[in-house]
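Grab a pencil and work through these exercises with the model open beside you. Try each task before you read its solution.

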Amino acid sequence: MIYGKRIRFRAPEREDLPMYTKWINDSEVRAGLNMFLPMSLASEEKWFEQMLEKPAEEHPMSIDVQEGKSWKLIGNCGLMFFNQRARTAEVGIMIGEKDYWDQGYGTEAMQLILRHGFNTLNLNSITLRVYETNPRAIRSYEKTGFVLDGRIRQSHFAEGKYVDTLFMSVLRDEWKDPDQSN
Ligand SMILES: CC(C)(COP(=O)(O)OP(=O)(O)OC[C@H]1O[C@@H](n2cnc3c(N)ncnc32)[C@H](O)[C@@H]1OP(=O)(O)O)[C@@H](O)C(=O)NCCC(=O)NCCS
């Protein structure tokens, strides 16, 4: 487990997959993701089995929020596309439980994964891609400390329109761990 103030990361279990599938099939959640077709539980299970064959640091983590003495699954996040020589990786996140949006959980999870990436995996930079049509995500990433590197114009197509993809990153040198006074 990796613990934050209100949340924890844990390895995903097969029992999480129905929730993952439910979130991906929610059009509001899916709008921020590079997915556009309904997803079956069977294909999610296949993805899970393939994921287990990958290096452990590339496995996604389930995000639980503490509620009293119990924990509730609200989303997942993970690092991918590791470049070992340049010490970079890309982060992805989904808070699938929409009742938990706009309460700082996405930002807290990003802070926690940055700490994991920089302090445990010894990364030098962490990048992400976000559609220009996702202001909630962009705001959350800015709060976490991501800065805009640039945009790939009209690189996504959704709802009948071309959409720019923004590239953002945090370098280890400029990262401020909110739990430390550095
Ligand atoms: C993007 C996501 C991870 C953000 O998580 P979250 O817990 O809702 O984010 P936070 O509460 O930490 O921050 C959201 C911020 O956006 C703001 N916001 C919400 N809607 C907004 C809008 N339409 N325009 C501008 N800001 C907006 C919130 O007010 C909040 O900022 P504040 O704290 O300054 O008030 C989550 O919404 C999600 O998983 N969405 C679906 C999947 C997705 O899009 N993933 C990202 C792919 S790149």
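The exercises below go from the sheet to the helices and then to the ligand.

Before you start: this is a predicted model, so local features need pLDDT of at least 70 and side-chain atom pairs count only at pLDDT 80 or more, while totals for chains, interfaces and linings use all residues. Residue numbers start from 1 along each chain as its sequence is written.

**Exercise 1. Work out the strand order of the open sheet and find its edge strands.**

Step 1. Helices (H or I, at least four residues) and strands (E, at least two) are DSSP runs, numbered from the N terminus. Two strands pair if DSSP finds at least two bridges between them.

Step 2. Follow the pairs across and you get eight strands in the order E1-E2-E3-E4-E5-E6-E8-E7, with mixed pairing.

Step 3. The edges are E1 (2–3) and E7 (147–158), since each of them pairs on one side only.

As a reminder, strands of a sheet pair through backbone hydrogen bonds, either parallel or antiparallel.

**Exercise 2. Now do the E6, E8 and E7 end.**

Step 1. E6 and E8 pair antiparallel over seven bridges; Leu128 has Met168 in E8 as its bridge partner.

Step 2. E7 and E8 pair antiparallel too, over eight bridges, and Phe157 stands opposite Tyr162 in E8.

Step 3. In the hairpin of E7 and E8, two residues lie between the strands and Glu159 takes a positive phi near 55°.

**Exercise 3. Check the span of H4 and list its buried residues.**

Step 1. H4 (residues 105–120) has 16 residues.

Step 2. Call a residue buried if 20 or more other C-beta atoms lie within 10 Å of its own, exposed if 12 or fewer, and partly exposed in between, with C-beta atoms placed from the backbone. The buried ones in H4 include Tyr105, Met110, Leu114 and Phe118.

Step 3. Just after H4, Asn122 takes a positive phi of about 60°.

**Exercise 4. Describe the shell around the ligand.**

Step 1. A residue is near if its C-beta atom, placed from the backbone, lies within 6 Å of the molecule. There are 21 residues around the ligand, and Gly32, Gly106, Thr107, Pro135 and Ala137 come nearest.

Step 2. E5 (88–95), H4 and H5 (135–144) are the elements that each give two or more residues. The largest share, five residues, is from H5.

Methods:
The expected span of a helix is 1.5 Å times one less than its number of residues. Ala, Val, Leu, Ile, Met, Phe, Trp, Tyr, Cys and Pro count as nonpolar, Asp, Glu, Lys and Arg as charged, and the others, Gly among them, as polar.
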